[in-house]
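Please examine the structure below with attention to how its parts pack against one another.

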Amino acid sequence: MKIYNAITKTKEEFKPIVDGQVSMYHCGPTVYDYIHIGNLRSFMLGDIIRRSFEYLGFETKQVMNITDVGHLVSDGDDGDDKMTKALKRHEMDITLENMLKVADIYSESFKTDLKNLNILTPHHLPKASDHIPENIVIIEKLFEKGFAYTTSDGVYFDTKKMPDYGKLGGLNLDAESESRIETNSEKRFHADFALWKFDEKNGWDSPWGHGFPGWHIECSGMSMKYLGETFDIHTGGYDNKSVHHNNEIAQSECSTGKTFVNYWLHGEFLNLDGEKLSKSTGGNITLMTLFNKGFSPLDLRYLYLQSIYRSQTDFTWEIIESSKKALDKIYRHIEALKTQHGIGKINPDFQKKFSDAISDDFNLPIALSIFHNMMKSDISAIDKLATAYNFDTVLGLDLEKHTSIEIEISDEVQTLLNDRKIARENKDWESSDQIRDKIMEKGFKVSDINGEQKIETL
Ligand code: AMP
Ligand code: ZN
């Protein structure tokens with residue numbers, strides 16, 4: 001397995017900390033709004049990595065955070081907190097309680113988006129607000145080792161004390177630029193970043209004062225809690241690299257004295273009209289937007305699979321249309337194969353080529369082309385089906401389950417669906433999940449698209 005490592009800027013042979021096991025952390029969403037399809041591309045990267053490793057026989061442990069407090073609108077240490085912005089938009093009082101309420105709405109919608117895109121639910125999906133003590137412990141260690149200092153508005157990391165600060169690159173550490181960039185005159189150096197921000201009214205108690213953790217420290221706290229002080233892989237969107245990830249490295253390595261992460265991977269942007277797709281550039285396209293235009297989440301998954309994670313890719317309505325057509329064609333071909341009765345053997349030659357493609361820094365476009373070559377090849381129909389299902393454990397296109405045939409459901413299942421709908425309307429997620437499990441026991445998978453329940457056979 002070869003992986004492009006942003007620390008060394010080279011494609012390296014992957015060496016896990018523990019043989020046959022991979023531990024990975026993915027920077028997740030700040031749940032201040034609905035997730036757009038640009039965000040989803042960065043979360044797809046984690047899924048592709050996990051599925052590829054599992055295909056190759058590794059055991060995986062995957063963590064993705066949910067940031068529900070403390071993320072400012074910019075990577076600097078000023079401006080609104082993203083969650084505070086959400087409260088203003090919802091015309092709610094700025095309290096911690098309200099912040100967590102709003103976060104809950106968008107977290108649920110985020111988890112539903114992951115399921116609809118067939119992104120496997122990470123083994124841990126920790127919320128930042130549940131991990132404040134972990135952050136405090138790290139900051140205490142940083143104080144003990146002389147890496148932290150207090151100003152009137154918070155606690156800061158002293159970047160000048162860390163000789164290799166900024167090793168992922170992308171930071172302007174030129175002392176001369178200080179006067180141009182500096183906004184907080186109490187900081188010792190312009191690159192110093194907040195570990196804790198004071199807030200008298202909201203937040204949590206800490207040894208330094210009431211307030212919120214800085215958003216970089218949240219990821220250090222959650223990743224090290226679930227994966228240990230050193231783990232294998234850390235991912236995030238490309239825009240997380242220079243500030244957020246350099247700062248995660250700084251506070252983690254200076255508190256533990258150990259290497260934080262062995263391999264750093266960054267997902268490139270999904271662009272709209274040549275620019276990073278984002279709400280501010282009018283690209284607020286969600287799975288719901290796609291659904292309203294007749295596209296399924298898996299049409300989007302297919303679109304993502306066609307480009308390497310390290311290259312930018314464009315979103316246009318023509319491209320999603322052609323992805324949909326290509327995927328429909330695959331489903332029709334699979335359905336034709338299903339009529340052959342029985343399932344054969346995985347073709348070893350194609351399987352080897354497929355494994356080689358995903359082992360080359362997760363090259364999914366090549367893996368997809370191998371899938372197409374296999375489907376066009378002269379191997380038997382039943383072997384094709386077996387091989388397609390095998391590849392689909394990585395591709396995640398639901399080839400086995402997908403059917404265009406109308407599903408007949410019993411009155412009992414229909415009643416469960418009605419009950420689940422009511423539970424979801426009442427935001428009773430616990431009952432909703434229990435009913436979903438009962439529906440699964442009856443042999444159906446239920447997912448939610450645009451507020452509607454979609455049912456498929458298991
Ligand atoms: P946020 O919720 O704003 O913290 O963003 C969550 C993740 O989405 C971050 O890792 C971003 O890098 C990523 N992201 C945001 N916009 C895009 C985009 N257009 N393409 C790919 N990733 C993106
Ligand atoms: Zn992060």
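The questions and answers that follow concern the domains and helix contacts of this predicted model.

Q: Into which domains is the protein divided?
A: The assignment is an automatic or database one. It divides the protein into domain 1 (2-267), domain 2 (271-395) and domain 3 (411-457).

Q: How far apart are the centres of domain 1 and domain 3?
A: The contact between these domains takes seven residues from domain 1 and eight residues from domain 3. Taken over C-alpha atoms, their centres are separated by 34 Å.

Q: Which residues of domain 1 lose the most area to domain 3?
A: The area buried between domain 1 and domain 3 is about 520 Å², and carbon and sulfur atoms give 48% of it. On the domain 1 side, three residues together account for 62% of what that side buries. These residues are E108, T112 and N116.

Q: Are helix 14 and helix 15 roughly parallel or roughly antiparallel to each other?
A: Helix 14 (residues 411-425) and helix 15 (residues 429-441) have axes that come within 8 Å and cross at roughly 160°. Angles over 145 degrees count as roughly antiparallel. The two helices, helix 14 and helix 15, are therefore roughly antiparallel.

Q: How many charged residues are in the contact of helix 14 with helix 15?
A: Helix 14 contributes V413, L416, L417, D419, R420, A423 and R424, while helix 15 contributes W429, S431, S432, I435, R436, K438 and I439. By class, the residues of this contact divide into seven nonpolar and two polar, and the charged ones number five.

Q: What is the orientation of helix 9 to helix 10?
A: Helix 9 (residues 297-305) packs against helix 10 (residues 317-338) with the axes 8 Å apart and at an angle of about 100°. The range from 65 to 115 degrees counts as roughly perpendicular. The angle therefore makes the orientation of helix 9 to helix 10 roughly perpendicular.

Q: How many nonpolar residues are in the contact of helix 9 with helix 10?
A: On helix 9 the contact is made by L298, D299, L300, Y302 and L303. On helix 10 it is made by I319, I320, S323, K324, A326, L327, I330 and Y331. One polar and two charged residues are present, and the nonpolar ones number ten.

Q: How many charged residues does the contact of helix 11 with helix 13 have?
A: Helix 11 (residues 348-359) and helix 13 (residues 381-395) pack at about 10°, with axes 11 Å apart, and are therefore roughly parallel. F350, Q351, F354 and I358 of helix 11 meet T387, N390, F391, V394 and L395 of helix 13. The contact has six nonpolar and three polar residues, and the number of charged residues is none.

Notes: Residues numbered from 1 in each chain as written. Chains lettered and ligands numbered in written order. Predicted model: local features only at pLDDT ≥ 70, side-chain atom pairs only at ≥ 80, totals over all residues. Heavy atoms only, no water. Axes fitted to C-alpha atoms, helices over the stretch in contact; angles between N-to-C directions. Helix = DSSP H or I, 4+ residues; strand = E, 2+ residues; numbered from the N terminus. Parallel < 35°, antiparallel > 145°, perpendicular 65-115°, else oblique. Contact = heavy atoms within 4.5 Å. Nonpolar A, V, L, I, M, F, W, Y, C, P; charged D, E, K, R; others polar. Buried area = accessible area lost by both parts, 1.4 Å probe.
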